[in-house]
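Please look over the sequence and the model below before reading on.

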Amino acid sequence: MPRAFLFLPVLSLALVAAASAAAADRHVVLSPDAVKWEPATPLPAGAEWSVIYGKPAEPGPFAVRVRFPTGYAVPAHWHSRDEAVTVLSGTFAVGMGETADRDKVQTLTAGGFFAMPANMRHYAFVTQEAVVQINGVGPFDLNYVDPAEDPRRQVGSSQ
């Protein structure tokens with residue numbers, strides 16, 4: 001039997017093993033009580049987040065949960081990649097535009113969903129403590145329409 005015929009099955013097995021190992025690295029099963037919350041540093045103080053899948057700053061798929069207190073406002077911002085958001089609990093109001101306007105939002109409750117294409121300016125208000133899940137493909141970013149509203153740029157910010 002020619003060596004090429006022996007090499008191909010070995011190569012095939014190696015590729016399958018590598019693909020299986022890569023898939024195992026992405027395998028996540030997470031119960032709600034296992035979510036680890038920490039301050040959501042790209043957002044104004046008060047929001048918490050948990051990266052539950054992937055790495056948003058790196059290429060590839062990711063899922064992030066964000067928890068907002070009642071009365072929270074997310075200033076107008078945009079992302080350079082698409083985002084898909086599912087409301088898991090609470091009341092979350094989202095609007096489109098470069099200026100946050102409470103009169104121009106659509107209010108969503110648990111099970112609500114919205115998707116924003118890259119570069120669409122949008123904002124949000126939370127009328128009842130809410131948890132949302134953001135799914136996308138990284139690298140993911142958050143760019144404020146008004147840089148003065150970016151907590152990462154504020155003097156003395158620990159974020």
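What follows is a guided reading of this model, from the whole chain down to single residues.

The model is predicted, so that local features need pLDDT of at least 70 and side-chain atom pairs count only at pLDDT 80 or more, while totals for chains, interfaces and linings use all residues. Residues are numbered from 1 along each chain as its sequence is written, and side-chain values use heavy atoms, with hydrogens and water left out.

The chain has one helix and nine strands, where helices (H or I, at least four residues) and strands (E, at least two) are DSSP runs numbered from the N terminus. Along the sequence these elements follow the pattern α-β-β-β-β-β-β-β-β-β. Of the contacts in the chain with a separation of 6 or more, 68% are between residues 24 or more positions apart, a contact being heavy atoms within 4.5 Å. The chain has 159 residues, and 32% of them are buried; buried means under 20% relative accessible area, exposed over 50%, and partly exposed in between, with a 1.4 Å probe and protein chains only.

In soluble globular proteins, nonpolar side chains tend to be buried together. Here the largest nonpolar core has 24 residues, and those with the most contacts inside it are Leu-43, Val-66, Phe-68, Phe-92 and Val-132. Such a core is a set of buried Ala, Val, Leu, Ile, Met, Phe, Trp, Tyr and Cys residues joined through side-chain atoms within 4.5 Å. Two or more residues come from each of β3 (60-68), β5 (83-96), β7 (113-116) and β8 (122-138), and β8 supplies the largest share of this core, five residues.

The pockets come next; a pocket, on a 1 Å grid over the protein atoms alone, is an open set of points where a 1.4 Å probe fits, with protein on both sides within 12 Å along at least five of seven lines, and its lining residues have an atom within 4 Å of a point. Grid points are joined across faces, edges and corners, and a volume is the space filled by probe spheres set on the points. The largest pocket has a volume of about 400 Å³. Its lining has 25 residues, of which Trp-49, His-79, Ile-134, Phe-140 and Leu-142 are the closest to its centre. The elements that give two or more residues to this lining are β3, β4 (73-78), β5 and β8, and β8 gives the most, with five residues. By class, the lining has 19 nonpolar, three polar and three charged residues, with Ala, Val, Leu, Ile, Met, Phe, Trp, Tyr, Cys and Pro counted as nonpolar, Asp, Glu, Lys and Arg as charged, and the others, Gly among them, as polar.

The second largest pocket holds about 170 Å³ of space. It is lined by 10 residues, and Arg-26, Gly-54, Lys-55, Pro-59 and Pro-61 lie nearest its centre; α1 (3-26) and β3 each give two or more residues to the lining.

Two places in the backbone deserve a separate look. Most residues other than glycine have a negative phi, and most peptide bonds are trans. The bond from Gly-138 to Pro-139, however, is cis, with omega near 5 degrees, and Pro-139 is in the loop between β8 and β9 (143-144). Asn-119, in the loop between β7 and β8, has a positive phi of about 75 degrees although it is not a glycine.

Lastly, Asp-150 lies in the segment after β9 and is buried, with a relative accessible area of 5%.
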